[in-house]
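My notes follow the order in which I checked them.

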Amino acid sequence: MATKALGFSVTLSDLSKTFSSKSPQHTSKVRVFTLRCSAVKGERPWKTSDARLILEDGSIWKAKSFGATGTQVGEVVFNTSLTGYQEILTDPSYAGQFVLMTNPHIGNTGVNFDDEESRQCFLAALVIRSLSISTSNWRCAETLGDYLAKRNIMGIYDVDTRAITRRLREDGSLIGVLSTDNSKTDEELLKMSQSWDIVGVDLISGVSCKTPHEWVDKTKQEWEFNSKVSQETFHVVAYDFGIKQNILRRLASYGCKITVVPSTWPASETLKMKPDGVLFSNGPGDPSAVPYAVETVRNILGKVPVFGICMGHQLLGQALGGKTFKMKFGHHGGNHPVRNLRTGHVEISAQNHNYAVDPATLPEGVEVTHINLNDGSCAGLAFPAQRIMSLQYHPEASPGPHDSDYAFREFVNLMKHERSKKSEPQLSAV
Ligand SMILES: NC(=O)CC[C@H](N)C(=O)O
């Protein structure tokens, strides 16, 4: 097998010869090593800029394209995760957004079958500094470029991601247009970016499943890290506002049987199923643009224990009477410190949101349980009287640290407590 990615040809047997002079271990490593060319053969490194990213502030960024070609508009957000680009690409909460990775080196492990967080890539585009010219991982099934091209997702590389990140941090989130189409002028693309908006748009309906279904976990057992799986099972109805599969995996790991329902599934139908608890998932876009979902949440509150994650937390906040607001550039990454105000513990969390609940708008009795230590924003809520808990961030991580996994145990404990209350003998009225 030969690769010409760098304009020279090298075969695995050549590599094998090189290393075999060092030690037998080196030789065997080389033999299982898979080297794939991640760009079209012969294109690199001579490929010249063939794409433009035009931001609504008028700045123009020349870049090289990979994945799909065309013209795409989206809101640019930067993600500070060092690993897990495949989980990020398949997180439905990124619908309508260009994800810019601050980690400069992307694509080196390719993509595999196990790391999908949903059935498809919903993000608008991927923006990276450097696209790895080779992929090497024992699970790799495909290169990142081929994967994006098949899913019709545009990507660009060789663009100054640090400079764009600084701009977003200073000026706040910006809409961008990405194009490989030379027939479009810069002015046309700029106009397009300035006339598109993500605020006030219902993006949930485009990513949610269409029919209710039981969750069947196909993940290999080797990835399970919870050794104390509950013997008791709980039936959870999970609202799919753009649900990440690891939320379902973690619930299942704590002993839940899950029915996933679409975002428009009526509260009355959910309550008819007599679930032990209801989960409101993460999801894309503006939480104030989906009043039907807030109404559904409102009709369930107080009737069974509920857990809201990210969009689910924002919907819960509104159903309780609170308001959400758009943050300057949001939180996207696997390194956000959060303080649990009940225990005082600090957890490093995975986050992905542009909106937040304003705690000042919440009614009495609602407790802020967690705060983001970078900016003091509300990161978790509870309303014990109504068996409500919610987190603005991602306890399921994927990608990210597992510090907050205990939240699934707390939800199960809420359901356990509710079940034990129901089975207590009722005192007859005197
Ligand atoms: N991950 C999510 O659920 C994101 C929620 C919402 N779309 C936001 O950006 O704040």
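**Whole chain.** I started with burial: 46% of the 430 residues in the protein chain are buried. I call a residue buried if 20 or more other C-beta atoms lie within 10 Å of its own, exposed if 12 or fewer, and partly exposed in between, with C-beta atoms placed from the backbone. This is a predicted model, so local features need pLDDT of at least 70 and side-chain atom pairs count only at pLDDT 80 or more, while totals for chains, interfaces and linings use all residues. Residues are numbered from 1 along each chain as its sequence is written.

I then listed the elements: the protein chain has eleven helices and 23 strands. These are DSSP runs numbered from the N terminus, helices being H or I of at least four residues and strands E of at least two. I also checked contacts (C-beta atoms, placed from the backbone, within 7 Å). Of those between residues at least 6 apart in sequence, 77% join residues at least 24 apart.

**Barrel.** I traced seven strands that close into a barrel, in the order β4-β5-β12-β9-β7-β6-β13, with mixed pairing. From one strand to the next, the twist averages 35 degrees. Two strands pair if DSSP finds at least two bridges between them. I looked at one pair: β5 (residues 60-67) and β12 (residues 154-157) run antiparallel over four bridges. Glycine 67 has methionine 154 in β12 as its bridge partner.

**Record check.** An unreviewed UniProt entry places "domain: Carbamoyl-phosphate synthase small subunit N-terminal" at residues 49-179. Such annotations may be inferred rather than shown by experiment. I find that span to be 18% helix and 35% strand, with its end C-alpha atoms 11 Å apart.

**Helix α7.** Is this helix, residues 245-253, enclosed or open? Eight of its nine residues are buried, so α7 is largely enclosed by the rest of the structure. Among the buried ones are Ile247, Leu248, Arg250 and Leu251. The buried residues pack against β15 (234-240), β16 (256-262), β17 (277-280), β18 (306-309) and α11 (406-423). Just after α7, I noted glycine 255 with a positive phi of about 95 degrees.

**Histidine 345.** I found histidine 345 in the loop between β19 (323-340) and β20. Histidine 345 is exposed, because 12 other C-beta atoms lie within 10 Å.

Notes
Contact = placed C-beta atoms within 7 Å. Axes fitted to C-alpha atoms, helices over the stretch in contact; angles between N-to-C directions.
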